[in-house]
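Student: Could we go through this structure together? I would like to know what the words for its parts really mean.

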Amino acid sequence: MTETTGTVIAPEALDALVGALRTRGFRVLGPVVRDGAIVYDDLGSAAELPIGWTDRQDGGTYRLERRADEARFGFAVGPHSWKRFLFPPHVRLWRARRDGGGTQAVEEEPLDETPLAFLGVRSCELHAIEIQDRVFIGGKYIDRDYAARRGDAFLVAVNCFEPGGTCFCVSMGTGPKVRSGYDLALTELLDGGHRFLVEAGSERGAELLGELPGRAAVAADVAAAGAAVESASQRMGRTMDVQDIRDLLVDNLEHRRWDDVAERCLTCGNCTLVCPTCFCSAVEDTTDLSGNEAERVRVWDSCFSVDYSFIHGGSVRPTARSRYRQWMTHKLATWFDQFGASGCVGCGRCITWCPVGIDITEEVAAIRANPGSRA
Ligand code: SF4
Ligand code: SF4
């Protein structure tokens with residue numbers, strides 16, 4: 001048999017991978033089953049992965065189900081994304097104390113520099129991280145908190161073989177195969193013996209891979225991995241026609257579909273919270289009752305909240321119509337003007353976790369089907 005690049009390891013060897021990362025001082029995070037969903041949390045060992053679980057997703061629907069096998073990554077993405085660790089929902093920025101003489105001391109919040117390792121990063125999520133890198137550390141102003149968390153983060157990617165009912169990464173050109181931006185990439189192979197093909201994407205990834213118990217991959221392993229990913233790409237739950245999408249949306253700001261969606265949208269903001277690329281935040285200041293201690297925290301915010309666009313005189317987006325339109329046209333149109341790329345990676349979370357099942361692919365299709373239709 002022909003040898004090729006990559007190493008094949010047994011499912012049990014994932015524990016050696018987690019151990020090797022922990023030995024190097026990483027806080028290892030990965031998928032676990034909690035509260036009826038697959039979420040990202042601390043991993044003590046690979047035994048905590050969602051072994052034998054899958055998810056069923058559709059607009060406004062998410063269910064966990066048992067698989068007939070012991071797959072470790074036989075599901076799509078859940079309500080969490082890695083942004084909750086790189087850009088946490090609640091971060092204290094500084095604290096201030098006033099002593100008896102009235103002197104104030106301001107302490108900047110120390111950075112959390114524990115190196116992070118993410119196990120199970122999907123291709124769409126690698127693209128989402130790349131997008132947030134551009135926002136937080138790719139421009140003139142660097143977000144020090146994000147920079148510290150992102151700095152040495154070790155990314156173990158996973159090629160998808162079981163896309164979700166709301167996934168459309170193929171349409172967005174962001175998956176299901178991982179292409180770059182990872183230290184190690186895993187492909188789980190179930191046929192012909194349960195095993196993982198592991199490929200290195202960086203020097204430190206290759207060094208760690210050298211420590212794992214396994215054998216050199218052969219052409220049959222690589223072919224099986226290619227077939228698994230190709231099969232996933234044929235089974236996307238959703239599609240989106242992105243041809244000239246920026247101009248389509250910018251030219252249809254008064255389309256009647258915005259009124260239709262406004263009748264259904266609860267402006268709850270779920271879609272922005274689960275989205276791996278949304279990055280809006282607000283700062284909140286609080287003091288204790290004595291008035292001697294104060295702190296400022298940064299919290300996730302959303303373009304769906306009225307306060308977010310409140311300037312003197314009121315909110316500039318007072319209606320559900322204006323807020324949904326802002327969100328969708330930013331994601332799919334003006335993000336190109338601002339960051340040179342789409343703000344959507346096709347992960348499908350906003351469709352699954354919208355309580356009324358509003359579907360961004362359906363909204364685009366409705367506008368495309370009848371452009372220029374005004375309210
Ligand atoms: S589109 Fe859905 S998830 Fe987003 S704000 Fe409206 S109701 Fe909430
Ligand atoms: S807009 Fe929806 S599908 Fe696109 S990246 Fe955000 S959550 Fe995923």
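**Sheet and cavity**

Tutor: Four strands form an open sheet in the order 7-6-14-13, with antiparallel pairing. This is a predicted model: local features need pLDDT of at least 70, side-chain atom pairs count only at pLDDT 80 or more, and totals for chains, interfaces and linings use all residues. Residues are numbered from 1 along each chain as its sequence is written, and side-chain values use heavy atoms, leaving out hydrogens and water.

Student: Why do strand 7 and strand 13 stand at the edges?

Tutor: Strand 7 (104-108) and strand 13 (281-287) each have a single partner strand, so one side of each is left without a neighbour in the sheet.

Student: How do you know that strand 6 and strand 14 pair?

Tutor: Two strands pair if DSSP finds at least two bridges between them. Strand 6 (residues 90-98) and strand 14 (residues 293-300) have seven bridges, so they pair, in the antiparallel sense. In strand 14, E293 is the bridge partner of R97.

Student: What makes a space a cavity?

Tutor: On a 1 Å grid over the protein atoms alone, a cavity is a set of points where a 1.4 Å probe fits but cannot get out. The structure holds four cavities of 30 Å³ or more, and the largest cavity has about 120 Å³ of space, a volume being the space filled by probe spheres set on the points.

Student: Where does ligand 1 sit?

Tutor: Ligand 1 sits in the largest cavity, meaning that more than half of its atoms lie within 2 Å of the grid points.

Conventions
Chains are lettered from A and ligands numbered from 1 in the order in which they are written. On a 1 Å grid over the protein atoms alone, a cavity is a set of points where a 1.4 Å probe fits but cannot get out, and a pocket is an open set with protein on both sides within 12 Å along at least five of seven lines; lining residues have an atom within 4 Å of a point. Helices (H or I, at least four residues) and strands (E, at least two) are DSSP runs, numbered from the N terminus.
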